[in-house]
Structure formats: structure tokens, C-alpha cells
Amino acid sequence: MAFLLFYHLLSFLYLFPYGLYHLISSTRSYLIPSPSPYKALPFHPLPFPSSPLRSIPLHFSLVFLLLSCFITPFLFPSILLSLQFTLPLLLFTLLSISLLLFSFPSDLVFLLASLSFYLLSLASSNSSNTYPSTDLQSKSLSLSSVISLVSALSSLTLAISPRIFLAELTLASSISLHGFWSLQSGLSLYADAFIPIGCHALLEKPGVTRCDLDESCARAVEIFDLAFVFHITVIAVIAVAVYGVVAKVQGGSGGNGNARRLNSVSYDVLPTTSGAAAMDELEHHVPMKAMAKTTAQE
């Protein structure tokens, strides 16, 4: 129980900050004035000029993924389920190493990430089906499968069209949501103070939380659904707040007020003429027209 709770807390400590970092970085990349059109990136280095510190988030990801690959085989009683969860983690590990050592095309990285997220969603769905409906692990894994599927679809969209900012925003938000849901699942399944009323952890089956009565199970499922909606709302509020703060820091949607980005295309704002200057220009042109007309009549 303690080991499983530790793994979920570890997942939260990695996934939520990393998703938030990617959300801030992608929003800043979208709003900052640039002569080139916006394009999604699989990894945003830290804003340090020519420093090894730029790739710290990627090193952090690599450490967590390697640790997860080592821990995952001990989380499931079935070897097949362990392999199903370990395979996408290995793919993510190889992607992280590739981004550190090589310069891979962004569309290829997003495509492989989409495959990894889909395999993770499939593993969560298959694992959910191995538990009876009275076990809360079934509900938790099914919702986790939905989050991974959203991440897979977002990555696939970016692989096809990397200029869709909404897809990158959804991908970053889903990663943070995955971390939030990992924390919620760990507390609701393995912390006695947070387990729904009428349900309890089985001593004879470590890692299983079961509800004895159908009413208790239905109430626990409703609690999970409500918590899931609450976490989605929190992530959505965070995403809107991040966009607003970054836009304000950049000086509005265009950064310094001299350039704006609309539909991922940059254009320059034409200078405007003040009211007084316009009147002077009008007064200057009217007599010229009158003089031209008088000359023509003569």
C-alpha cells in the first residue's frame, strides 16, 4: 500500500510540474512576436543562452522514466500487464534520450509520442477490465485511460499539423491532469483517510480497494466522477490563467505592440495618424484641389 501510494505521489510530482512548464512555454512561444509562424515543439528548453541548464527538464524526465520502468513491474500481479505498462514508458525513455543526443523532426517525435500515449491508454483500459466493478481500481484506471487517449490524439494532431496551438495546449493540460489524477487515485485508493466510506483495502490482496455493498460502490464511483470533473475544471482554469498572465507579460497578444500574431501568421501594425495631424493634412489638400479647379476653368 505504501509503495503504491509513493508511486502515485511520485507521478504527481513529475507530471503536474512538467505539464505546467510545457503549458507556460508553449503559450509564451505562441504569443511572443516572431517573423516566423508558430510551430509546436516536443520540448521547450529553459531560456538560458548556450548553457547545459537548458535541457534540465529533459534530464528530469529521463530520471523519472527510468525510475518508472524499474518500479512498474512490481505494481501489477500479472507479467503481461506489467509489460503493457512498461513498453510505453520505454518508448518515452528512448524519445527523451533521442531528444538529448540527436535532432529529430518534431512531427516524428509527436507521432511516436502519440503511439506511446495510445499504448498507455490501452494498458490502463486492459488493466481496468481485470478488476471487478466493486474494486475502485477499475474506475480509476478507466478514467486514466481517457486522459492518455486525449494525450495521444493531441500528439497525433501535432504530428499532422504542428501549427495548431489548441492541440499543444490540450497536450500540456492533459499531462498536468494525468499528474493530478495520479495524486487523486493514490489518495483515494491507498490512503485510509481518503478511501470512500463503505470501501476498504483488502489485506489478503495488496493493492486492491473494494466496496462491500452496491450502494457503497455506486457512491464511490460518483465521488470519482465528481473528482475527475473537478480536476478538469482546475486544469482548465490554470490554462486560462497561464494564457492571460503570459499575454499580459508579453504586452498583450502581440508582445511589444508592434507585431501581432493571428492564425499563426505575423503581420505589422500600420502606424495611425492622430486627429490633429489628419485635420492639418485635410486643410493642406483642400486648397490645392480648389486651385487646380480654378486653373482649369481659366
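One cut-off before we start: a residue is called buried when its relative accessible area is under 20%. Over 50% is exposed, and in between is partly exposed. Keep in mind too that this is a predicted model.

Let's apply that to Pro196. Where does Pro196 sit? It is in the loop between helix 6 and strand 1, which covers 199-201. Its relative accessibility is 8%, so Pro196 counts as buried. What does Pro196 touch? Leaving aside residues up to four places away in sequence, the list is Leu136, Ser188, Ala220, Ile223 and Phe224. Also look at Arg219, 23 residues from Pro196 along the chain. The two C-alpha atoms are separated by 8.1 Å.

A pair of aromatic rings is described by the distance of the centres and the angle of the planes. How many aromatic pairs does the structure hold? The count is 16. Take Phe102 and Phe104. Their ring centres are 6.1 Å apart and the planes are at 25 degrees, so this pair is stacked. Phe104 has 34% relative accessibility, so it counts as partly exposed.

Now compare Trp181 and Phe224. Here the centres are 5.9 Å apart, but the planes are at 75 degrees, so the pair is edge-to-face. Trp181 belongs to helix 6, residues 165-190, and Phe224 to helix 7, residues 214-249. The pair therefore ties together parts that are 43 residues apart in sequence. Buried or exposed? Both Trp181 and Phe224 are buried.

Ring pairs link Tyr14, Tyr18, Tyr21, Phe60 and Phe64.

Stay with Tyr21 for a moment. Its backbone oxygen lies 2.9 Å from a polar atom of the Ser25 side chain. Ser25 is in helix 1, residues 2-31. Ser25 has a relative accessible area of 16%, so it is buried.

His22 is also in helix 1. At a relative accessible area of 4%, His22 is buried. Which residues does His22 touch? Not counting residues up to four places away in sequence, they are Leu41, Pro42, His44, Glu168 and Ala172.

Another histidine next. His59 is in helix 2, residues 56-71. His59 is partly exposed, with a relative accessible area of 41%. From His59 to Ser96 is 37 residues in sequence and 8.0 Å in space, C-alpha to C-alpha.

Now helix packing. Helix 3, residues 79-101, packs against helix 4, residues 106-129. The angle is about 160 degrees and the axes are 9 Å apart. Why call them roughly antiparallel? Because an angle over 145 degrees counts as roughly antiparallel, and that is how helix 3 runs to helix 4. Their crossing is left-handed. On the helix 3 side, the contact includes Leu81, Phe85, Pro88, Phe92 and Leu99. On the helix 4 side, it includes Val109, Leu112, Ser116, Phe117 and Leu120.

Helix 4 also packs with helix 5, residues 136-160. This angle is about 165 degrees, with the axes 7 Å apart. Helix 4 and helix 5 are therefore roughly antiparallel to each other. Helix 4 passes helix 5 in a left-handed crossing.

To close, go back to Phe224 on your screens. Phe224 is in the list of residues touched by Pro196, and its ring forms the edge-to-face pair with Trp181.

Conventions: Residues are numbered from 1 along each chain as its sequence is written. This is a predicted model: local features need pLDDT of at least 70, side-chain atom pairs count only at pLDDT 80 or more; totals for chains, interfaces and linings use all residues. Side-chain values use heavy atoms; hydrogens and water are left out. Helices (H or I, at least four residues) and strands (E, at least two) are DSSP runs, numbered from the N terminus. Buried means under 20% relative accessible area, exposed over 50%, partly exposed in between (1.4 Å probe, protein chains only). A polar contact is a pair of N or O atoms within 3.5 Å; within protein, one must be able to donate a hydrogen and the other to accept it, and residues adjacent in sequence count only if both atoms are side-chain atoms. Rings of Phe, Tyr and Trp (its six-membered ring) pair if their centres lie within 6.5 Å; planes under 30 degrees apart count as stacked, over 60 as edge-to-face and the rest as tilted. Axes are lines fitted to C-alpha atoms, for helices over the stretch in contact, and angles run from 0 to 180 degrees between N-to-C directions. Angles under 35 degrees count as roughly parallel, over 145 as roughly antiparallel, 65 to 115 as roughly perpendicular and the rest as oblique. A crossing is left-handed if the near helix is turned anticlockwise from the far one by less than a right angle, and right-handed if clockwise. Contact means heavy atoms within 4.5 Å.
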